[in-house]
Amino acid sequence: MSNIYVLVPNQEMADYALQIIAEENIDSCQVEVIRTSGAVQAARKAIADGANVIVARGLQADLIREYTKVPLVNISMTGQEVGLLVEEAKQRVGRENPVIAFVGHHTMFPDASYMNEIFHAQLRFYTYEDRSRIESVVEKAVEEGADAVIGGERALRCMQQYPNVAALFMRTREDSLRKALHVACRMLYTYQVEQETNAQFLTVLETVYNGVLKVDRKKTVTAANHAAAWILNRTESAFIGKKLYEVMPQMEENYLDRVLRGEREIMTTSMLIGQESFVSSIAPIAYDGKITGAIISIHKIPTGSRKSQDLFSDSLLLGYLSMGDFRKIDTRSERMKKCIELARMYALSSGPVIIYGETGTEKELFAQGIHNSSSQKNSHYLTVNCSGMTEGQQIAVLFGPEDGQDMAGQKKGALEQAAFGTLLIRDIDELCPRCQYRLLRVMRYKIFMKTDIEEIPSMEVRILATARTELAEKVRCGQFREDLYYLLNAFAIHIPPLRERREDIPGMVQNYFRQYNKQYSKRVGLTKGGMEALCSARWDGNALQLERFCERLVLTAHKRNMDEACIRELLEELYPKIETHNGIPSVVIYEPPEKEKIVQALAQYGGSRQKTAASLGISTATLWRRMKKYGITGTLEN
């Protein structure tokens, strides 16, 4: 089996090639003389016989390149070969400084700089990329005064129309063939190294327990192992040639994008595949300073010491299940995406996590997502709220009732009930000092304190917590233990309020409207003005307030499309602003934030329309339209 095939148009070139092969002891190399009309057929036969690289020239090389996919080396002329042909043409023409035209494929000729001065002739090179243009190229060379035309077989056939112009066959000699064969040997070596590397890579793929996929810069899967096929419940052949997100929709697309753009050297995250939790790592493939693709590794997060199915069954019976999932958080906010990325990574640890956020933000959904992406996924998930409880009640709820406490038959605290699972402590910033101390012992030293003096070895439980205020401020005021703060705050997530990510509101509103239209068998929509009114409202209650408002809007809608007036009317009814003057509370009708800004600016600039518009960064015409929109009255100065 020959790895290099040399396909040439005449026996003279074949003899040169055989001589070079013998001199340089080139193995696995075969030479064949072919006609241009049979070039593609000869190349296909060579490929079937095991050719990895083909050497050819001119039109023959052009045809082979177009109709096959084998690596190809062009035989390009050297300057010395051009000089020999020029001397032969000058002898045929019999004159000094003749016009000599070379006609051939654009890959055949060397750099022609200074050749006219060297060879004392006017050399002109006529090239083509489309073989159908050879006849017109020859015609152009003759019309432009060529005394001799040098070209291949087809060019010489065209020259039969011009008997008064000398025609010479463009012979390729030893130098160009030797150069082409050296290139072919280097290409063959590179091909063999690549094949060996691929074989090693495939061997590694099939001997590791992790699922592994390889993608190129276009995010197309180029390789996958048996483990990946098993994890994703697909055959290996179903991966190759497909976009990663077609076969692995659980992967966040922007994670791979950031690796391919070189923004991250490695990206590790958690994900749910079916009902199982997995760790996924993405690393770039870099070559010569450029990223050419990425490797995605997937492995299952190990479960706890008890049988997962037993824990799952217990949780189902007791109602201790978490249904939250990061996929339920649809966001366009970069800050929110960063929070999700952190939460996915924190899920890989068993350490405590603190989630900060205002009332109504997605704190609990984040906590459930962390639990469902962790090794505790099939274990208990419990939630307790510390806010509004006395010290004794907090201790009883978390650690179990102490002697003399009546907790309606309760014998175990939440920490014991959440054994081997996850406990979410809401409003941990309201935890009393005694509970803070006991909780620190559980989290830091794995010691469970039934009472202030009774210690027993603690069972495994992961602590997640939420807080509305920064624990650092509580520590500064002496209301929270410093050591517990440092233990919690290492894995912190700060969920931005809805007013700081207004780009999320349209998508959330659309989801809520779909949900409640289906629930109440309605077809209520929003006008453009209605959507703008929703996006401009404050939403101090965040996602919770927005969802309940949308439900009320759909349920009580009196027309098909709710406009801005309907939105403002309901906002004023449901969420009036309360202000206190001289100790007397009074209701202030809800006003959009934009209206408040305009009213304040007008007051600041004494009613001047021009100064107010300039301070708000809008034109006076826009200011006037918005004043009419919000019903702002009063005499304005120009």
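This is a predicted model: local features need pLDDT of at least 70, side-chain atom pairs count only at pLDDT 80 or more; totals for chains, interfaces and linings use all residues.
**Figure 1. Elements that line the second largest pocket.** Two or more lining residues come from each of α3 (58–67), β5 (99–105) and α7 (153–158). Of the elements, α7 gives the most to this lining, namely four residues.

**Figure 2. Residue classes in the lining of the second largest pocket.** Nine nonpolar residues, six polar residues and five charged residues make up the lining of the second largest pocket.

**Figure 3. The largest pocket.** The space in the largest pocket of the model amounts to about 720 Å³. A set of 26 residues lines the largest pocket, and Gly360, Thr361, Glu362, Ala543 and Glu547 are those that lie nearest its centre.

**Figure 4. Elements that line the largest pocket.** Helices α14 (363–372), α20 (505–519) and α22 (542–555), together with strand β16 (422–426), each give two or more residues to the lining of the largest pocket. The element that gives the most is α20, with four residues.

**Figure 5. Residue classes in the lining of the largest pocket.** Charged residues number 11 in the lining of the largest pocket, alongside eight polar and seven nonpolar residues.

Conventions. Residues are numbered from 1 along each chain as its sequence is written. Side-chain values use heavy atoms; hydrogens and water are left out. On a 1 Å grid over the protein atoms alone, a cavity is a set of points where a 1.4 Å probe fits but cannot get out, and a pocket is an open set with protein on both sides within 12 Å along at least five of seven lines; lining residues have an atom within 4 Å of a point. Grid points are joined across faces, edges and corners, and a volume is the space filled by probe spheres set on the points. Ala, Val, Leu, Ile, Met, Phe, Trp, Tyr, Cys and Pro count as nonpolar, Asp, Glu, Lys and Arg as charged, and the others, Gly among them, as polar.
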